[in-house]
Amino acid sequence: MTLSDRDEAEIEASRAPLMDHLIELRRRLLICVVAFAVGFIGCFAFSEPIYLFLVKPFVAAQAFYSSVGPHGHVSPLDLILGTAGLKALPHVNGHTVNLIYTAPLEILFTKMKLAGFGAVFVAFPVLAWQLYRFVAPGLYRNERGAFLPFLVAAPLLFLLGAALVYFVMLPFVMWFSLSQQIVGDGVAANLLPKVSDYLNLVTALLLAFGLCFQLPVVMTLLGMAGLINSKLMSSGRRYAIVAVVVVAALVTPPDPISQLMLAVPMVLLYEVSIWCVRLIELRRSKADALEAEIA
């Protein structure tokens with residue numbers, strides 16, 4: 001019996017009536033809902049320290065900005081290390097970071113939104129595992145083995161993109177925003193962001209970078225499906241770079257630093273994707289040769 005015959009036998013053995021599939025789907029969805037609810041309650045209980053953690057890049061930018069003044073300069077490395085807690089922030093007399101809210105229930109809704117966003121992160125391992133357990137019976141053995149690494153690679157790449165946002169991009173965005181303040185001639189236009197607007201900015205950047213960092217996963221899956229190949233990706237590199245620049249311009253704040261911070265890693269991830277697809281092609285050619293020898 002060849003490898004294909006064994007795979008077909010496994011798929012046939014896993015067949016079940018439609019009602020059994022619906023019952024299994026209901027059970028998996030119920031587990032996902034419970035996991036999300038538990039994560040939501042936990043994140044809501046700690047929503048205040050979580051929010052303070054997210055405001056830390058703004059705190060670092062404000063501290064350095066207050067220490068050097070509107071026309072001063074600060075080392076980018078100091079800004080990053082200050083955000084990461086590896087460098088003491090400057091102590092400025094009367095220094096405080098002020099955020100405002102203008103609606104009576106804005107803080108509550110902000111905490112709920114933060115709890116929902118955090119619940120997805122906390123419950124993702126459970127959600128991903130339930131998805132895999134539901135679709136695994138319909139996959140060939142080699143497909144199941146190939147699917148599992150993506151369950152690990154996807155959250156790791158998302159966390160890598162989120163770390164880039166938190167430790168690098170947000171401090172520079174807030175520094176840039178602070179540098180746009182206007183003070184003079186009896187007029188002061190100071191930055192006082194709303195708590196909800198700041199959270200919207202953070203979540204938008206986290207999602208944008210986290211999803212864009214899934215490029216190797218998406219490209220590798222397309223390569224496994226035979227929809228693209230490494231030769232096509234290599235020949236279309238210049239068009240991919242243009243597309244990356246356009247995406248970076250659309251999903252980041254309108255300043256060149258933020259756009260470069262997303263565009264450069266995406267170009268590097270595109271090159272990684274080419275090598276991943278190339279590796280899949282080599283493994284597929286070896287498997288085909290082995291199956292031809294067995295036949």
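Me: Which helix holds Q130?

Reply: Q130 is found in helix α5, which covers residues 106–135. Keep in mind that this is a predicted model.

Me: Is Q130 buried or exposed?

Reply: The general idea is a cut-off: a residue is called buried when its relative accessible area is under 20%. Q130 has 8% relative accessibility, and therefore counts as buried.

Me: What does Q130 touch, apart from residues up to four places away in sequence?

Reply: Q130 touches R28, I31 and C32.

Me: Which other residues of α5 are buried?

Reply: The buried residues of α5 include E106, T110, L114, F117, A123, A128 and Y132, besides Q130.

Me: How do I read the length of α5?

Reply: Compare the span with the number of residues. α5 has 30 residues, and the distance from its first C-alpha to its last is 40 Å. At 1.5 Å a residue, 44 Å is expected, and the span is close to that.

Me: Where does α5 bend?

Reply: The bend is at A123 and comes to about 60 degrees. A proline, P125, follows within four residues.

Me: How many helices and strands does the protein chain have?

Reply: The chain has eleven helices and two strands. In sequence order the pattern is α-α-α-α-α-α-β-β-α-α-α-α-α.

Me: What share of the residues is buried?

Reply: Of the 295 residues in the protein chain, 34% are buried. The chain exposes about 17,500 Å², and carbon and sulfur atoms supply 70% of that area.

Me: What share of the contacts joins residues 24 or more positions apart?

Reply: Counting contacts with a separation of 6 or more, 83% are between residues 24 or more positions apart.

Me: How should I read a salt bridge?

Reply: Start with the general idea: side chains of opposite charge can pair when their charged atoms come close. This structure holds five salt bridges. One of them joins E24 and R28, with the closest N and O atoms 2.7 Å apart.

Me: Why are E24 and R28 separated by about one helical turn?

Reply: An α-helix has 3.6 residues a turn, so residues three or four places apart point the same way. E24 and R28 are about one helical turn apart because they lie four residues apart in helix α2.

Me: Are E24 and R28 buried or partly exposed?

Reply: E24 is partly exposed, with a relative accessible area of 23%. R28 counts as buried, at 10% relative accessibility. Both belong to a network of salt bridges that links E24, R27 and R28.

Me: What does Y101 contact, leaving aside its neighbours within four places in sequence?

Reply: Y101 is in contact with E106, I107 and V195. Y101 sits in the loop between α4 (76–84) and α5. With a relative accessible area of 47%, Y101 is partly exposed. Its C-alpha atom is separated by 8.4 Å from that of P193, 92 residues apart along the chain.

Me: What salt bridge does D78 form?

Reply: The side chains of D78 and K87 meet in a salt bridge, at 3.9 Å from N to O. D78 is partly exposed at 23% relative accessibility, and K87 is partly exposed at 34%.

Me: Which residues form a nonpolar patch on the surface?

Reply: The patch is formed by M19, L22, I23, L25, L29 and F134, with about 520 Å² of accessible area together. Helix α2, residues 18–45, gives the most to the patch, with five residues. As an example, L22 is found in helix α2 and counts as partly exposed, at 44% relative accessibility.

Terms used
Residues are numbered from 1 along each chain as its sequence is written. This is a predicted model: local features need pLDDT of at least 70, side-chain atom pairs count only at pLDDT 80 or more; totals for chains, interfaces and linings use all residues. Side-chain values use heavy atoms; hydrogens and water are left out. Patches are made of residues with over 30% relative accessible area and no salt bridge: like charges are joined within 9 Å, nonpolar side chains (Val, Leu, Ile, Met, Phe, Trp, Tyr) within 5 Å. Accessible areas come from the Shrake-Rupley method with a 1.4 Å probe; for residues, only the protein chains shown count as cover. A salt bridge is a side-chain nitrogen of Lys or Arg within 4 Å of a carboxyl oxygen of Asp or Glu. Buried means under 20% relative accessible area, exposed over 50%, partly exposed in between (1.4 Å probe, protein chains only). Contact means heavy atoms within 4.5 Å. The expected span of a helix is 1.5 Å times one less than its number of residues. The bend at a residue is the angle between axes fitted to the seven residues ending there and the seven starting there.
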